[in-house]
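This report goes through selected local features of one protein model. The sequence and structure come first, and the notes follow.

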Amino acid sequence: MKKIFLFAALSLIACNTEKKAEKLAVAKDDHSFAQPENAVVKHLDLDIKVDFNIQTISGKASWDIDNITKGDEIIFDENRLEITKVTLGADEKPTTFSLGSEVAFHGKPLHIKIDKNTTKVNIYYNTTKDAIALQWLNPQQTGDKKHPFLFSQGESIWTRTWIPCQDSPSIRFTYNATVTVDKALLALMSGENPQQKNDSGIYTFKQQKAIPSYLMAIAVGDMQFKAIDERTGVYAEPSLVKKSAWEFAELGKMVNAAEKLYGPYRWGRYDVLVLPPSFPYGGMENPNLTFLTPGVIAGDRSLTSLLAHELGHSWSGNLVTNATWDDIWLNEGFTTYVEHRIGEEIFGTKEAKMQDVLSRKVLHDNMEEYGKNNPDTRLKVSTSGRNPDDGLSDIPYEKGYAFLQVVEKAVGLEKMDAFLKGYFAAHAFQSITTEDFVTYFNENLIKGDKALADKIQMEKWVYQPDIPSNITIPVSEDFAAIDKIQQEWRKMGVKGLSRKIKSTNEKQHFIDYLPKEITVAEMTAIDTEFNFTKDGNFVIKRQWFVIAIRQHYTIAYPAIEQFMIATSRTGSLMTLYKEMVKSAEGKTWAKKIFEQAKSGYHATTIEAVQGILK
């Protein structure tokens, strides 16, 4: 009977959500020129050719639209595209178009003349070298160094640089695509994908679930596929595909664990694509096909918790999406919470406790950097007039996670899991604002219980800067043992410590709390014992290199340079560049490395680093 009542309740919630969806679709988004309350896109038929010789995508974007007000215009977003022709309907009736004034970061509005009965708009276009979303790699920039490679990164407002679209997370659409590439290459997208090359170089795709534009994604290169189980698998360059499949062997178990917690996985297959090093993030949650940095391939499965985060976006982010970039915490905070819950199911309680401690340190470090009164430390931020990427720090991830932990502590784990499962079901394939969440939260969890509301202090968490005093303090017994070692190793020496401090989490915690006044001689002894400089995985090297830069541990300098040239993972690079520029000598060194490395960096990475080096 309980299951029947739950289904009825969720059905009622879903109905109420659908009634709200009309308002959600027109949520004001300062980062889009579109006016979806007048005319809005519903489906895309994309027919494009990828030309590596001139590094251009060209073709036609045919949009099915709903001309809600029966007006004479629809507005799209575009940024540095070449619009060559626009027609209307299946019969391709010519029409006129014009571009408005350019706005920094946002491009220009594309005004298209329509009539009251228009249901299809066909836009012919070419991309240009200024397409921020597209990273074109020559063969030498790939792992196998045989063929060129292309991948896209649309979040937050960069899809408009490779497809003319209504580029707001509040606007969702389905799509079909036909992509023509060189016959030696394979094309993949954020939809239903082929698993091997064909003889024609022409690939077709479908995404039958409505997604926002930032989740449009493409990758073209010499890639192979290897299945993990019946609905999960991995794509990578040939030299890396077997290693990747071994590294991600527990991917299917992760999907099963997430479904057990939060309801069915609604996207069909869940595959991952390991990209070349210039990919600017750890991962990107493109539907059906998560894009991943090769830095996660550690050879010992020590960094695969990143997969739990990207998988978690299949519920929070892709299924239930922030309606504007001011609401990014709804994507990232919830996903970080889901990531930790999946991780606990797969890797156990001890691992989860360590991850909690590491997570909380990241939050406090970010708060210290930003300052407790900085408005960007709120969960609901304001990015109006700015590049929305500016709001994407660790704050929405870690403060959002900490807030949900407070809720969990207040209501209990069982009730929390049920609440989130209902939340995802009620808002499936919807884009919502923070205010929509607050309303749902109060109606479905607080339910007028003032004592519970006072205990959680939701308003403080969401709308005020700094960290509320009711934050939970995670404890890890494993880390407590390492803290004891930290107090003793200077007296006892470091020999043999690598047999006591083994896992990535343990090593990271040890590095993070090394004495601030540590000497070069002490670092040399630690490096001799652990070999952090040469043998550490991506995370260990990043943490160790921060200390090495700070303490002028010159032995590690060649490895630091190699590390910073070989990756374009923006967050990690920013951490190192920020440490370098604290001294005049370090800033000179940083500029030298940047000049060597920038040809392999993503455009968004280049922009971020240039901001530090000014």
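Leaving aside its neighbours within four places in sequence, which residues is Asp 478 in contact with? The model is predicted, and in it Asp 478 is in contact with Lys 350, Met 354 and Glu 506. Asp 478 is found in helix H12, which covers residues 477-492. Its relative accessible area is 17%. Because the cut-off for buried is under 20%, Asp 478 counts as buried.

Strand E10 takes in residues 149-152. Phe 149 and Phe 151 point one way from this strand, whereas Leu 150 and Ser 152 point the other way. All four of these residues are buried. In a regular strand, side chains alternate between the two faces of the sheet.

| Partner strand | Residues | Sense | Bridges |
|---|---|---|---|
| E9 | 134-137 | antiparallel | four bridges |
| E14 | 218-221 | antiparallel | two bridges |

On the E14 side, Leu 150 stands opposite Val 220.

The largest nonpolar core has 185 residues. Those with the most contacts inside this core are Leu 46, Trp 63, Trp 162, Phe 403, Phe 437 and Tyr 577. For Phe 403, leaving aside neighbours within four places in sequence, the residues in contact are Trp 329, Leu 379, Phe 437, Phe 441, Ile 456, Met 458 and Trp 461. In soluble globular proteins, nonpolar side chains tend to be buried together.

Technical notes:
Residues numbered from 1 in each chain as written. Predicted model: local features only at pLDDT ≥ 70, side-chain atom pairs only at ≥ 80, totals over all residues. Heavy atoms only, no water. Buried < 20%, exposed > 50% of the residue type's maximum accessible area, 1.4 Å probe, protein only. Contact = heavy atoms within 4.5 Å. Pairing = 2+ DSSP bridges. Core = buried A, V, L, I, M, F, W, Y, C linked by side-chain atoms within 4.5 Å.
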